[in-house]
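Colleague: I am new to this protein and would like to go through it with you, step by step. Could you show me what we have?

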Amino acid sequence: MEQRRRFHQLELNVKLAFIAVSLFFGSAVWAQIRYSISEEQKDGAAVGNIAKDLGIDHRTLKERGFRIVSTSGESMFSVNQNDGVLYVNGKIDREEVCERISPCLINLKIALENPLEIHYVAVEILDVNDHSPQFPENEKRLEIWESAMPAARYPLQAARDRDSGINSVQTYKLSNNEHFRLEIKDREDGKIPILILHKPLDREVTKSIKLLLTALDGGRPPKSGSIDILIDVLDINDNVPVFTKESYTIILNENAPVGTTIVQINATDSDEGQNGQVVYALGNNVNDNLRQLFEVNSVTGEIIVTGLLDFEVKDVYEIDIQASDKGIFPLVTDKSVVIKIVDVNDNSPEIEVTSFSNAIPEDSRPGTTVALISVTDLDSGLNGKISCSLPDDLPFKLMPSSQDNIYSLVTSALLDRETKFQYDITIVAKDAGQPSLSSVKTITVLISDVNDNSPEFSVSPYAFYVIENNAPGKSLFSVSASDKDTNENSVVSYQIWRDGVENAYTSFININSENGEIYALKSFDFETTKTFQFHVLATDSGSPSLSSNVTVNVFILDQNDNVPVILYPVSANGSAEGVEEIPRNVNAGHLVTKVRAYDADIGYNGWLLFSLPEVSEHSLFSLDRYTGQIRTLRSFTETDEAQHKLLILVKDNGNVSLSATATVIVKVVEPKEAFAASDVKNAVKDEEENDVTFYLIITLGSVSVLFVISIIVLIVMQCSKSTDYSSKYLQDTNYDGTLCHSIQYRSGDKRYMLVGPRMSIGSTIAPGSNRNTLVIPDRRRRDSGEVRK
């Protein structure tokens, strides 16, 4: 159009110029010739003979300056001044010269001078079908909603053909398809193809359609050009999500930890984009309890455990799962998911003591019911099958009852409270699960006392030592008995057992019935009674009561309560005085006389020592402190006096010594007188000594008989008892010429000996003991229960 406008403007300018020149020169010649030529002519092709057609002599052309002036097509043509022929200068392409102008005219202005002549030559370039129709692009993409209704129109871009006329685009063809047809609309600028929908689209069936549109020109043969039409079927939310499975049934262990993925559900939506994106959620009807136990991942569809499951609470859950798309108006599908909970062994058995006696008598017979025990397990199957057991070392057993999981705890052996008064019974309940679970419960069974034990004395027999001259009514010693029973069955009372046998000592012995303290109703005299025994009866307070007795041996210990008795010289008128005559010619060491004394006490109390507190001549006589023998120290001289008085002091070794004195008058005579006097005196002396010896024999025999009886009693008791007594008595007589006696005994780990006036040289005094008691070295084996005698 622009080229045509320029061409008309140029033609107008040429005409105006011609008019102007004609007016200037006064005359002008104007003529117009029109030629037609096909495009694509070769260079130099003749268009026409302008001179001939204008009637101009070709011989004058050169002289008159025959030429083409100021035209738009000057470069495409040239004229020959010799013959006036118009030639094609180069190759002419109509589409380049006129583009889409039709007809394609090239106006040439031919000028001649002298006279001036201006001729217009119009050359029409005829079209040749040398171009194919072309679309602006190789493919065209259309987006059509699948909801588009039939007869919907979709104009397409027309194809362009540089040729014109019949060689331009004349028609369009559409490839075969079932959804679209083609309609061609004629317009001023050409034919326009229109795509018309004649069958509804379904994106879920066909997401895209590819069509081929072909443009044909009117050439012979026609040329064509094509374009691919790609149709994208746009989705609308017309499909609901569809689950991939018809049903979901899941089996889940009840101990599944929180966070466990149970199952992943899946739903698909045939739509695309937001309309096909599926999200998941719990259904609206799912209650709060289920929401605390399960949740669903909105994106992946995973159902996840969020709470603690318990088969014993609920074994099946049905959950509504909702799948919806993300369309503007979402479409929703529901699906039920069934979750079956499988029991696992997660409950330990529970032990319950339904009936219980916390104390049973110790004389209960085997089979006595102590408690009723029930066990339960919330699990099922093998996980809930329970077995119960007790330790093997108990006198109890479990007896199953006719009802499952009910047991009786009964005694299986005789009980003895004194051996064991309490049993902590551990009951173990174990299920049959894998792995097995167990529970333990401990019940305490107390064994109540029955009076089946007699009192037992701590020592049997008892041996007590009592110092003579005790205060009447004062506690001397005590016995003690214990009872293995408890409470009233163990409360012991004491009494002196008087079994009808006449016993003079039980009449002055009394006992405290509550604590076993024994009192004497009178004082004891060692010299009269050295030992006696009686029996104590201990009785408990049970019903019926039980009792036992024990023998109590009492040994009287000597006190220094007897003054030494001088046997020689014989006492007369309250004093002991003797006269001894010895020859003057005796040598040193001559036995003058022997002072004899006796002390009824024993041990230190009866150990007598002799001394000379007064003597007229110390150099003449000596006194053996142990034997009482008086001997001369030297021979007599003429200057020595004829009579000497010796005062003899005899004292014992008691804590508070008791003593007696005797006076011996020694007369020194000439040898003849001495012999005569000696004969008379010896006769008298022999008679006196015979009387004294008689009394001594009687006294010694009495003491010995009593002592031997005591030893025999102790030996009999020793042989009849297996117990190692705390005190043992041994017989040991020791005489050195002076009347004496001794008793050996044992107390604890010490050995004592009660002695008379003399004691063995190897004896030692026991520190802290009575001074008339000696400690005898113990030669017995300390690891033996026997006593060496």
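Modeller: The questions below take up confidence, the nonpolar cores and a surface patch in turn.

Colleague: What is the mean pLDDT of the protein?

Modeller: This is a predicted model, and 82% of its residues reach a pLDDT of 70 or more. Over residues 1–29, however, pLDDT stays under 50, and it also stays under 50 over residues 722–789. Where pLDDT is low, the predicted coordinates should not be read in detail. For the protein, the mean pLDDT is 81.

Colleague: Which element supplies the largest share of the largest nonpolar core?

Modeller: The largest nonpolar core has 28 residues, and I50, F77, L86, V121 and V123 are those with the most contacts inside it. Elements that each supply at least two of its residues include β1 (29–38), α2 (50–54) and β7 (117–126). The largest share, five residues, comes from β6.

Colleague: How many residues are in the other core that lies apart from it?

Modeller: Among the residues of that other core are L252, A256, I262 and A323. It lies apart from the largest one and has 27 residues.

Colleague: Is V705 buried, partly exposed or exposed?

Modeller: V705 has its place in helix α5 (residues 671–720), and together with L706, I709 and V713 it forms a nonpolar patch on the surface, with about 330 Å² of accessible area together. Buried would require under 20% relative accessible area and exposed over 50%. Because its relative accessibility is 48%, V705 counts as partly exposed.

Methods. Residues are numbered from 1 along each chain as its sequence is written. This is a predicted model: local features need pLDDT of at least 70, side-chain atom pairs count only at pLDDT 80 or more; totals for chains, interfaces and linings use all residues. Side-chain values use heavy atoms; hydrogens and water are left out. A nonpolar core is a set of buried Ala, Val, Leu, Ile, Met, Phe, Trp, Tyr and Cys residues joined through side-chain atoms within 4.5 Å. Buried means under 20% relative accessible area, exposed over 50%, partly exposed in between (1.4 Å probe, protein chains only). Helices (H or I, at least four residues) and strands (E, at least two) are DSSP runs, numbered from the N terminus. Patches are made of residues with over 30% relative accessible area and no salt bridge: like charges are joined within 9 Å, nonpolar side chains (Val, Leu, Ile, Met, Phe, Trp, Tyr) within 5 Å. Accessible areas come from the Shrake-Rupley method with a 1.4 Å probe; for residues, only the protein chains shown count as cover. A salt bridge is a side-chain nitrogen of Lys or Arg within 4 Å of a carboxyl oxygen of Asp or Glu. pLDDT is the predictor's confidence in each residue, from 0 to 100. Contact means heavy atoms within 4.5 Å.
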